[in-house]
Amino acid sequence: MNIDGIFLRQIIQTMRKDLPFRINRITQPDQYSLFINGYSQTARKLLISIDPRQNSVHWTKHNPNENLHASPKLMLFRKHLENGWIED
């Protein structure tokens with residue numbers, strides 16, 4: 001499924017109730033996914049996948065496998081996004 005404007009608008013409306021969201025830790029379980037740990041009113045986990053066949057953005061309860069190799073892209077996200085806030 002492609003992420004288009006209609007789909008993205010629905011994601012934003014669904015996630016808006018959990019904002020503001022403080023980012024604590026970012027991991028990359030595979031080359032297409034980012035896993036963001038943080039807090040809104042409670043501890044939350046956000047999974048963002050840009051897999052060409054199965055892309056998604058959603059809250060999750062499970063922990064993905066830790067990738068011990070930190071890619072340059074992951075290091076860049078950690079540098080600029082960790083300890084930041086996602087707001088409206």
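## Fold at a glance

Reading from the N terminus, the elements of the chain follow the order α-β-β-β-β-α-β. That gives two helices and five strands. Please keep in mind that this is a predicted model.

## Size and packing

The chain has 88 residues and a radius of gyration of 13 Å, which agrees with the value near 12 Å that a compact globule of this length would have. If you turn the model along its principal axes, the C-alpha trace spans about 35 × 30 × 25 Å.

Buried residues account for 28% of the 88 residues. Of the contacts with a separation of 6 or more, 44% are between residues 24 or more positions apart.

The accessible surface of the chain is about 6500 Å², and carbon and sulfur atoms contribute 55% of that.

## Leu74 in helix α2

Now zoom in on Leu74, which sits in helix α2. Is Leu74 buried or exposed? Its relative accessibility is 1%, so Leu74 counts as buried, the cut-off for buried being under 20%.

Which residues does Leu74 touch, leaving aside neighbours within four places in sequence? They are Ile26, Thr27, Gln28 and Leu34. Leu34 is 40 residues away from Leu74 along the chain, yet their C-alpha atoms are separated by 8.3 Å.

## Thr27 in strand β1

One of the contacts of Leu74 is Thr27, and Thr27 belongs to strand β1, residues 21–27. Thr27 has 5% relative accessibility and therefore counts as buried.

Setting aside neighbours within four places in sequence, Thr27 is in contact with Ser33, Leu34, Phe35, Glu66, Leu74 and Arg78.

Where does Ser71 lie? Look in the loop between β4 (56–59) and α2 (72–81). Although Ser71 is in a loop, it counts as buried because its relative accessibility is 15%.

The side chain of Ser71 is joined to that of Gln28 by a polar contact of 2.7 Å.

Conventions: Residues are numbered from 1 along each chain as its sequence is written. This is a predicted model: local features need pLDDT of at least 70, side-chain atom pairs count only at pLDDT 80 or more; totals for chains, interfaces and linings use all residues. Side-chain values use heavy atoms; hydrogens and water are left out. Helices (H or I, at least four residues) and strands (E, at least two) are DSSP runs, numbered from the N terminus. The radius of gyration is taken over C-alpha atoms; the globule rule is 2.2 Å times the number of residues to the power 0.38. Buried means under 20% relative accessible area, exposed over 50%, partly exposed in between (1.4 Å probe, protein chains only). Contact means heavy atoms within 4.5 Å. Accessible areas come from the Shrake-Rupley method with a 1.4 Å probe; for residues, only the protein chains shown count as cover. A polar contact is a pair of N or O atoms within 3.5 Å; within protein, one must be able to donate a hydrogen and the other to accept it, and residues adjacent in sequence count only if both atoms are side-chain atoms.
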